[in-house]
Amino acid sequence: MPWIVLALLTALLSWLSLTPAPPKIDHELFGWDKFQHALAYAFLTLAAGRAFRRLPIRSNTAWMTAAVYATLVGGGLEVLQGLSRTGRFAEWADLVADLLGILAVLILVGFGRIRTNRS
C-alpha cells in the first residue's frame, strides 16, 4: 500500500506541476505558493520514507533515500516546467521551498527517533 500511495502522490504532484492551469486555493496561508510546495514535498517525503522502510535497508538509509527521491522529483519537475510551453516557469524559490519541506520531515523523523531511543 505505501508504494501505491507514493506512486499516486508522485503522479498528482507531476500533474499539478505541469498542467497549464492548476487549481488555485483561496486561503491566506494555504494559498501561498511556497507553503504549498513545502507541504507537498513534506508529504511526498513521508510517503517515500514509509515505502522505502519496507525495503531491507536501515531506517536512516530509507529516509535519506526518500529525501533524495523527493528532491529528484522536485528538481525534475522544475526542469520540465522550464522546458514546457504550457505557460509554467521553473523557479529556484520553488525548489528551495520543496527542500524545506523535505528537510522538515527529516528533522521530525530524527527527533522522533531520538525521543523513542530515550524512552
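The dialogue below explains how to read several features of this predicted model.

Me: What share of the residues is buried?

Reply: The protein has 119 residues, and 34% of them are buried.

Me: How does one read the packing of two helices, for example α1 and α2?

Reply: One looks at the angle between the axes, the distance between them and the hand of the crossing. Helix α1 covers residues 2-18, and its axis comes within 8 Å of the axis of α2, the two crossing at roughly 155°. Angles over 145 degrees count as roughly antiparallel, and α1 and α2 are therefore described in that way. The crossing of α1 past α2 is left-handed.

Me: Which residues of α1 and α2 make this contact?

Reply: From α1 come Pro2, Trp3, Val5, Leu6, Leu9, Thr10, Leu13 and Ser17, while α2 supplies Ala40, Tyr41, Phe43, Leu44, Ala47, Ala48, Arg50, Ala51 and Phe52. By class, the contact of α1 with α2 holds 14 nonpolar, 2 polar and 1 charged residues.

Me: At what angle do α2 and α3 pack?

Reply: The angle between α2 and α3 is about 135°, and their axes are 8 Å apart. These two helices are therefore oblique to each other. Here α2 passes α3 in a right-handed crossing.

Me: Which residues of α2 and α3 meet?

Reply: On the α2 side, the list includes His37, Tyr41, Leu44, Thr45 and Leu46; on the α3 side, it includes Trp63, Ala66, Ala67, Ala70 and Val73. The contact of α2 with α3 divides into 13 nonpolar, 5 polar and 2 charged residues.

Me: Is Thr45 buried or exposed?

Reply: To answer, one reads the relative accessible area. Thr45 belongs to helix α2, which spans residues 33-52. Its relative accessible area is 0%, so Thr45 is buried. Leaving aside residues up to four places away in sequence, Thr45 touches Trp63, Ala66, Ala67, Ala70, Ile102 and Val105.

Me: How does Leu46 read, buried or partly exposed?

Reply: Leu46 also has its place in helix α2. With a relative accessible area of 34%, Leu46 is partly exposed. Leu46 touches Trp63 and Val105, again not counting residues up to four places away in sequence. Leu46 and Leu106 are 60 residues apart along the chain, and their C-alpha atoms are separated by 8.9 Å.

Me: Which residues does Lys34 pair with?

Reply: The side chain of Lys34 meets that of Asp33 in a salt bridge of 2.7 Å, N to O. Asp33 is partly exposed, with a relative accessible area of 32%.

Lys34 also forms a salt bridge with Glu91, where the closest N and O atoms are 3.2 Å apart. This pair links distant parts of the chain, 57 residues apart: Lys34 is in helix α2, and Glu91 is in the loop between α3 (59-83) and α4 (92-118). Glu91 counts as partly exposed, at 37% relative accessibility.

Asp94 and Lys34 meet through their side chains in a salt bridge of 2.5 Å, N to O. Asp94 lies in helix α4 and Lys34 in helix α2, so this pair ties together parts that are 60 residues apart in sequence. Asp94 is buried, with a relative accessible area of 4%.

Terms used:
Residues numbered from 1 in each chain as written. Predicted model: local features only at pLDDT ≥ 70, side-chain atom pairs only at ≥ 80, totals over all residues. Heavy atoms only, no water. Helix = DSSP H or I, 4+ residues; strand = E, 2+ residues; numbered from the N terminus. Buried < 20%, exposed > 50% of the residue type's maximum accessible area, 1.4 Å probe, protein only. Contact = heavy atoms within 4.5 Å. Salt bridge = Lys/Arg side-chain N within 4 Å of Asp/Glu carboxyl O. Axes fitted to C-alpha atoms, helices over the stretch in contact; angles between N-to-C directions. Parallel < 35°, antiparallel > 145°, perpendicular 65-115°, else oblique. Left-handed = near helix turned anticlockwise from the far one by under 90°. Nonpolar A, V, L, I, M, F, W, Y, C, P; charged D, E, K, R; others polar.
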